[in-house]
Amino acid sequence: MGYREEHPGELCARCGELAAELCARCGQTYCAAHAPVDHRRCDPCESAYLARETRVTRRLLVSVVLSAGLVALLG
């Protein structure tokens, strides 16, 4: 059995091949095939960002609807 001399931080987070690039946000390393597009986040970072933005949008929408209902009730 061969010994891997690569440092684990230098391996792709998806396939385990040698990594050449990393996500600018989380620092996770990726090979050329799995690297994020230029100036973008990796898939896990992008998913977390979209989920956070969806929660913020939902809270804002609920606040606006409740405020409009309260104004209509008082007016």
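E46 is buried, with a relative accessible area of 15%; buried means under 20%, exposed over 50% and partly exposed in between (1.4 Å probe, protein chains only). This is a predicted model, in which local features need pLDDT of at least 70 and side-chain atom pairs count only at pLDDT 80 or more, while totals for chains, interfaces and linings use all residues. Residues are numbered from 1 along each chain as its sequence is written, and side-chain values use heavy atoms, with hydrogens and water left out.

E46 forms a salt bridge with R41, the closest N and O atoms being 3.3 Å apart; the term requires a side-chain nitrogen of Lys or Arg within 4 Å of a carboxyl oxygen of Asp or Glu. R41 is partly exposed at 24%. The count by this rule is two salt bridges. D43 pairs with R14 in a salt bridge, with the closest N and O atoms 2.2 Å apart. Because D43 lies in helix α1 and R14 in the segment before β1, the pair ties together parts that are 29 residues apart in sequence. Helices (H or I, at least four residues) and strands (E, at least two) are DSSP runs, numbered from the N terminus.
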